[in-house]
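Me: I have a chain open in the viewer and would like to talk it through with you. Could we take it piece by piece?

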Amino acid sequence: LLYSEKALKIFEEIGEKRGTCAALNNMGHAQLKLGNPHQSLNSFWKALSIGQSIGSKFEQCDSYIGIGSAYYAKAEMKNAAEALSRSVELAQEMQSIGYLTEVLYKKGLVARDSGKTEEALEIFEQAIENVEKGRSEIE
């Protein structure tokens, strides 16, 4: 977290928006891992705003993953599902197997913990199919 905060300060000083966005997302992920979902949401929403202003789907996707994860940690499943659905769309647009797999897994957890077992199983199956697709591209 300390290094991300230092990086944020540097990127803001030199006006580097992509770096600022990445630092905010990194801070949000660290804050979330430290058990501070409220604080992490602030970082992720700031990062999302910058990501949208510079048109970076990569940073937006990372922000939405973080927002969804933070809402999940707060047991706000509807908000978590909405944010993760947006990140699925962005990951598909970018054709990012890694992000898509991560998001589908998290979206499956949200569905499972919302009592939507069948939906969760379908989402987990999509995640597995995505992993297999990535594996076949490597081989």
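Me: Let's start with L104: which residues does it touch, not counting those up to four places away in sequence?
Reply: L104 touches V88, I123, Q126 and A127, where contact means heavy atoms within 4.5 Å. Please keep in mind that this is a predicted model, in which local features need pLDDT of at least 70 and side-chain atom pairs count only at pLDDT 80 or more, while totals for chains, interfaces and linings use all residues. Residues are numbered from 1 along each chain as its sequence is written, and side-chain values use heavy atoms, with hydrogens and water left out.

Me: OK, and what about the largest nonpolar core, how many residues does it have?
Reply: The largest nonpolar core has 26 residues, and those with the most contacts inside it are C61, Y64, I67 and L104. Such a core is a set of buried Ala, Val, Leu, Ile, Met, Phe, Trp, Tyr and Cys residues joined through side-chain atoms within 4.5 Å, and buried means under 20% relative accessible area, with exposed over 50% and partly exposed in between (1.4 Å probe, protein chains only).

Me: Which elements give two or more residues to this core?
Reply: They are α3 (37-54), α4, α5 (77-94), α6 (97-113) and α7 (117-138), and the largest share, seven residues, comes from α5. Helices here are DSSP runs (H or I, at least four residues), numbered from the N terminus. Apart from this core lies another one, of seven residues, among them L8, A23, M27 and A47.

Me: Switching topic, is S4 buried or exposed?
Reply: S4, whose place is in helix α1 (residues 2-14), counts as buried because its relative accessibility is 14%. Leaving aside neighbours within four places in sequence, S4 is in contact with A23, N26 and M27.

Me: And R86, which residues is that one in contact with, leaving aside its neighbours within four places in sequence?
Reply: R86 lies in helix α5 and is in contact with Y64 and E93. With a relative accessible area of 27%, R86 is partly exposed.

Me: Last one: at what angle do the axes of α2 and α4 cross?
Reply: The axes of helix α2 (residues 17-33) and helix α4 (residues 57-73) cross at roughly 20° and come within 10 Å, the axes being lines fitted to C-alpha atoms over the stretch in contact, with angles running from 0 to 180 degrees between N-to-C directions. The two helices α2 and α4 are therefore roughly parallel to each other, a term for angles under 35 degrees.

Technical notes:
Angles under 35 degrees count as roughly parallel, over 145 as roughly antiparallel, 65 to 115 as roughly perpendicular and the rest as oblique.
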